[in-house]
Structures are given as structure tokens and as C-alpha cells.
Amino acid sequence: MKNSSFNIKREALVKIALFYPNDFITAATNLGYITIYNILNSRKDTLCELFATDYISKSYNTGRSIKDFDIIAISISFETDIFNLVRFFKFNNIELFSNKRGRFDPLITGGGAYLTLNPEAISPFFDVILIGEGEQAINEMVDEYLNNSNKDIYKENISKSKGFYVPDRYKISYDDIYVEGRNGKPAVCRKRTVENIDDYIPSTINKLLPSHFKNTFLIEISRGCPYRCAFCATPSLNNPYRHRNLNKLLDLINKNRSFPKVGFIGSAVSDYPDLIDLIDKTLIKTITLSSFRVNNVTYNILEKLKKRGLRSISIASEVANERMWNKIDKRIDRDMLEGFVKMTNKAMIERLKIYFIIGFPFENENDIKDIIELINDLSHIYKGRLTASINIFIPKPQSILQWAPYSDKEIIRKKIKMIKRGVSRDVIVNILGYRTGEIETILSRGNRILSEAIALTDRMNIFDALKVCNINPDIFLRELSVDKILPWEFIKGGIDNIELKNKYLNI
Ligand code: SF4
């Protein structure tokens, strides 16, 4: 890839810099980012080169300056990467707010999971934002640009296509976090979904590309999730759940059999209907998986995976008693968890990681005691090395719990103390920091008012920036009203807001 034959495209009609706001190794592991890069470069009229925080002004591919590009396309998956985005703009002397940029500045476009769930905290930085899946839409974005690259005309034209959100077409007034008035057309933005999932199969494109999964051919086998866990935004983000054709996956995997490992990617890998055939017919010897749901895994599958080199496995319990599993609609129980752990013993899988979430608004001290007891009980059953990963609940936009509050600091501190004291020393316990969750909540439930504070984060932390801008962080952290309009409610195409609201009110 690096220093390769890109010069033959010196005459491309449009040059696109694809920026990922984290280091290059992280960017290159993101299949969405790599797939967009691949699609753009498969066009004769388009040159795309990669940028990341360690290639901030000169491309990874050829060292070409960011100033040479007509379009800067930015892919954002995670909240805290936004701070790197601000640094990218400032480092390259590009005005952060779109209304301060001139006609001849590059067009700044964005896409990715973060922007699809709620772009509003940073929407004033973009000329155009793609809401939803990008594989087909990215070609329309380029075609429209080739039609007319005048920024104003381009924005007017593209705003008529499904999934393209042009923030400066809207005047929005807020009351606290809530939308009081919103003028602009179209009134809603419909999320973009790829029509035929088998037309594009996101996968690793080059063995030489640095990656957190070195020597592993990553391939997305399904998209979305058939479940509806109350805290999770995935069912809305990639609605509906789709899985890829077995033969198409096998074709691609087996063409890449020079890789020593293959990694199946998807939110619900164990729900892939032809999983056994996929494992049996994959010619790459070693197979790794992101995580399993415990409700539909058989010993047969675990045994096959063990034979194919799987040494560690992750599962999510999230909570630890029937009342809480019902509340978050996890659809698992203690028997399933114990049965799964026994199967991993029998299959001799050496490492097991179990995810938990604390800080749900309906959680009490007994629920924490049950988490401790469950971890300790499972550690007695499990013969390998057990890790418990404890995350703090973050109310994500477009999830059932999008209105719920972020937990109080003192209460979380007490619960973490209980867990640290109560869990057996044989178990490795990882706990996500309270502050990180707080920042993620603010950034994920933000509105346009927040953009002023975010713009200062190259010089100070977000809390100091909020103070400077006189913004109370609490408006993003406390429980939100179900009767008012949330900043991201104009996005349609995920799980319907009425369904989310009914479920929330009945928890
Ligand atoms: S937590 Fe996992 S199983 Fe539940 S909805 Fe999200 S992706 Fe699906």
C-alpha cells in the first residue's frame, strides 16, 4: 500500500483524503474505513489516500499533503476520538466550523457509527454528513461532486439524496438539551442502508497494512443484531439485522488463505445461521471471533473452534440476576452462563472474558452483590483464566435507555469498591473509569451548543471548556424527558422512537 502505484492516478478528477481520528494502526483495523477507501480507489476518476493522527497532514500512502485534496472525508466511530478531530483541523489550519470556511476550502464530509447515532455535537464542523451505511452512498457523494463541485450547489443537490445531512440547512433552537424549534428541509433524515449486503463484504485488504490484528484476515459476516438489549444502540444503528451468503464469504476467505488467521466480525456472530459450515469450509487454519452470545452456542461449535486454534473467548452477562436480565432484555439466564462455562472447560478453551455493566438506573446494591457472586461462582467452575470486564452504563442515542441518566459518581465509586473487595483474587478485574463514561455520555447525547466547547479541547479538557462556554454538563448527564424532542430525533430508519419510548417506560 505505502508508496505504491498511486502516482498513476495523478490525474484523478477528484482527490479525497480519508481521515480517521485515531492512530493509523487503529484506523487500519476499522473495516468501515478500509472498505470506503477501497470503493473510492476502485473508481478511475477518484484518488483516495489515508490520514490518521500519526499521518495528520501528509498521507500514509504517498506523503501527499492534505492541502492537495478536494474532499476530506472523516470516519468517526467513537466519542473520544472527537478530540483528535479538533487537533486535526487546528494542526492543518482548517477552520473548524463550516460557516467560517470559504468556497475554495476543501469540502468536509463525515460518516461512521458516532455520526449516525447523533451527529449534532459536532455537526457544525461538517459540510455534509452521511447518516447510515456508506458503501453505496459514497459513490453518490463522488458522482454529485463531479456533477457540480460548487460548494453551495453541491450541498443543495446532495441534501436531496437519502442519508445525506447538510447541517447548515437547519436553524435549531434549544431549551436545555431539547430541541425547541427546527427549521429546514427535509424535516427528517432517513438513514442509509445497503440494499444487498452481499454486494460489499468489508474485509482486510492488505497483509502489509498495520493492524491490531496482525496476520488476521478480518471479514464482516453479518451486520446489525437480531436482539434488542435495552442499553445497546446496535439494533438501531444497523437496522435491520442481515447476514451474508455463506458461499460469498467462503470465496473471499479462501482467496485470502495466505493469511495465517481469519477473524469473523459481527455483533451476533453466534447467530450466523451457517456458522458450522463456515467454520468447516474455511481454508484458513486458525479462526478467531469477536464474542459469543451464550444462548445459542453448542459444544460442537466450541470444539470445532478449539481445533481451529481458538484459545480465548468473550461473552456478555452484563448483569447477574433474573430481574436485571429481564429489565435489559438480555434473554439469558444463570443456567445458560454456567452451561457455557462448563462447555468451555470441556473444549479446553484457556481464557474466558465476561462483560458486565454497572450503573443502570434501576440497579441496587443487591444487584452488585449478585454480580460479585456470579463472577466468583463462575470462577470456581471455570478451569482457565477468567477476566471480568466491568463497564459503566452509558445512555446511548437511539437505544431504549437513551433517556436514562448517567450514574452518580459516589454511587459508582461505592459499587466499584464492593466489586474490588468481593471478587475472588483468582479473577482479573478490568474496570472502565467513571470520567471516561461521563465524557462519552456528554459527547454522545450532545446538541449543537456543545460544539463551541468541543472546539476548545485542543487547549483544555472538555470540562474546563464547558465552564468557559457556560454550559452545564448536567444537562447531558441527567435523565431526559420522554415528552421533549431529543437532538437526534430527526434521524429515522433505526428502531422507531415510539417503540423505544414504550419499552423505556415499561422497564
Ligand atoms: S448487546 Fe449484543 S446482543 Fe444485545 S443488542 Fe447489542 S449487539 Fe445485540
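Me: How many of the seven residues of strand β15 are buried?
Reply: This is a predicted model, in which local features need pLDDT of at least 70 and side-chain atom pairs count only at pLDDT 80 or more, while totals for chains, interfaces and linings use all residues. Residues are numbered from 1 along each chain as its sequence is written. A residue is buried if 20 or more other C-beta atoms, placed from the backbone, lie within 10 Å of its own. Strand β15, residues 312–318 (strands being DSSP E runs of at least two residues), is mostly covered, and the number of its buried residues is five.

Me: Which residue of β16 is the bridge partner of I313?
Reply: Two strands pair if DSSP finds at least two bridges between them. Strands β15 and β16 (residues 351–358) run parallel and are joined by six bridges. In β16, the partner of I313 is L352.

Me: Why is strand β1 largely enclosed by the rest of the structure?
Reply: Strand β1 covers residues 14–19.

Me: Which residue of β3 is the bridge partner of I16?
Reply: Strand β1 is joined to β2 (residues 46–51) by six bridges, in parallel, and V14 stands opposite T46 there. Four bridges also join β1 to the parallel strand β3, residues 71–75. The partner of I16 in β3 is I71.

Me: At roughly what angle do the axes of helices α13 and α14 cross?
Reply: Axes are lines fitted to C-alpha atoms, for helices over the stretch in contact, with angles from 0 to 180 degrees between N-to-C directions. The axes of α13 (residues 365–381) and α14 (residues 409–422) come within 10 Å. Their crossing angle is roughly 25°.

How values were computed:
Buried ≥ 20, exposed ≤ 12 C-beta atoms within 10 Å, placed from the backbone.
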